[in-house]
Amino acid sequence: MKTFGSDRIKEEVILVARFLLVLLFLIFGWGKLTDYSGTVAYMQQVGAPMPPIATIIAIFMEVFVCSAILVGMFTRPLAVLLAIYTLGTALIGHHYWTMTGMAHFEGKINFYKNISIIGGCFLLYVTGAGKYSLDNKLGL
């Protein structure tokens with residue numbers, strides 16, 4: 001099978017892919033971290049169970065786990081953990097099937113965005129962090 005030249009830039013593409021995969025989480029995780037009370041209120045609004053604990057979990061996953069993936073540390077298990085978290089957020093926060101009007105449309109987009117991100121997590125689980133990672137430096 002032809003690789004269309006991807007074999008020459010594979011390691012660089014994995015690095016960029018890691019960055020792009022976690023960018024959304026890092027941006028919104030930072031917002032959650034810097035506005036904890038606002039995030040708790042949002043969690044209550046969307047019906048998340050135990051909003052203060054859900055907020056702490058969201059901050060941990062979106063800031064700390066995604067930072068580890070960004071630098072390529074414990075990438076494979078954290079990619080699986082991020083996939084599970086992303087599925088949970090899709091089911092809890094983007095339940096478009098209970099919505100109507102514009103909320104239905106926006107919820108559906110966000111639900112399937114999460115499903116697509118899970119696909120990226122699975123690819124990262126299979127490929128690993130690549131050459132430009134702490135996993136590679138530490139031999140993990």
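A: In this predicted model, helices H4 and H5 pack at an angle of about 170°, and their axes are 8 Å apart. Because angles over 145 degrees count as roughly antiparallel, H4 is described as roughly antiparallel to H5. On the H4 side, the contact is made by Thr75, Arg76, Ala79, Val80, Leu82, Ala83, Thr86, Leu87, Thr89, Ala90 and Leu91. On the H5 side, the residues that take part are Phe111, Asn114, Ile115, Ile117, Ile118, Cys121, Phe122, Leu124, Tyr125, Val126 and Thr127. By class, the residues of this contact comprise 16 nonpolar, five polar and one charged.

A second pair of helices may now be considered. The axes of H2, which spans residues 36–46, and H3, which spans residues 51–71, come within 8 Å and cross at roughly 115°. This crossing of H2 and H3 is right-handed. H2 contributes Tyr36, Thr39, Val40, Met43 and Gln44 to the contact, while H3 contributes Pro51, Pro52, Ala54, Thr55, Ile56, Ala58 and Ile59. Nine of the residues in the contact of H2 with H3 are nonpolar and three are polar, with no charged residue.

The description now turns to the pockets. The largest pocket holds about 640 Å³ of space. Its lining consists of 26 residues, and those nearest the centre are Lys32, Met43, Glu62, Tyr85 and Thr89. At least two lining residues come from each of H1 (10–34), H2, H3, H4 (75–93) and H5 (101–127). H4 gives the most, with six residues. The lining of the largest pocket divides into 16 nonpolar, seven polar and three charged residues.

The second largest pocket contains about 180 Å³ of space. Its lining is formed by Lys10, Val13, Ile14, Ala17, Arg18, Leu21, Gly120, Leu123, Leu124 and Thr127. H1 and H5 each provide at least two residues of this lining, and the largest share, six residues, comes from H1. In terms of class, the lining of the second largest pocket has six nonpolar, two polar and two charged residues.

Notes:
Residues are numbered from 1 along each chain as its sequence is written. This is a predicted model: local features need pLDDT of at least 70, side-chain atom pairs count only at pLDDT 80 or more; totals for chains, interfaces and linings use all residues. Side-chain values use heavy atoms; hydrogens and water are left out. Axes are lines fitted to C-alpha atoms, for helices over the stretch in contact, and angles run from 0 to 180 degrees between N-to-C directions. Helices (H or I, at least four residues) and strands (E, at least two) are DSSP runs, numbered from the N terminus. A crossing is left-handed if the near helix is turned anticlockwise from the far one by less than a right angle, and right-handed if clockwise. Contact means heavy atoms within 4.5 Å. Ala, Val, Leu, Ile, Met, Phe, Trp, Tyr, Cys and Pro count as nonpolar, Asp, Glu, Lys and Arg as charged, and the others, Gly among them, as polar. On a 1 Å grid over the protein atoms alone, a cavity is a set of points where a 1.4 Å probe fits but cannot get out, and a pocket is an open set with protein on both sides within 12 Å along at least five of seven lines; lining residues have an atom within 4 Å of a point. Grid points are joined across faces, edges and corners, and a volume is the space filled by probe spheres set on the points. Angles under 35 degrees count as roughly parallel, over 145 as roughly antiparallel, 65 to 115 as roughly perpendicular and the rest as oblique.
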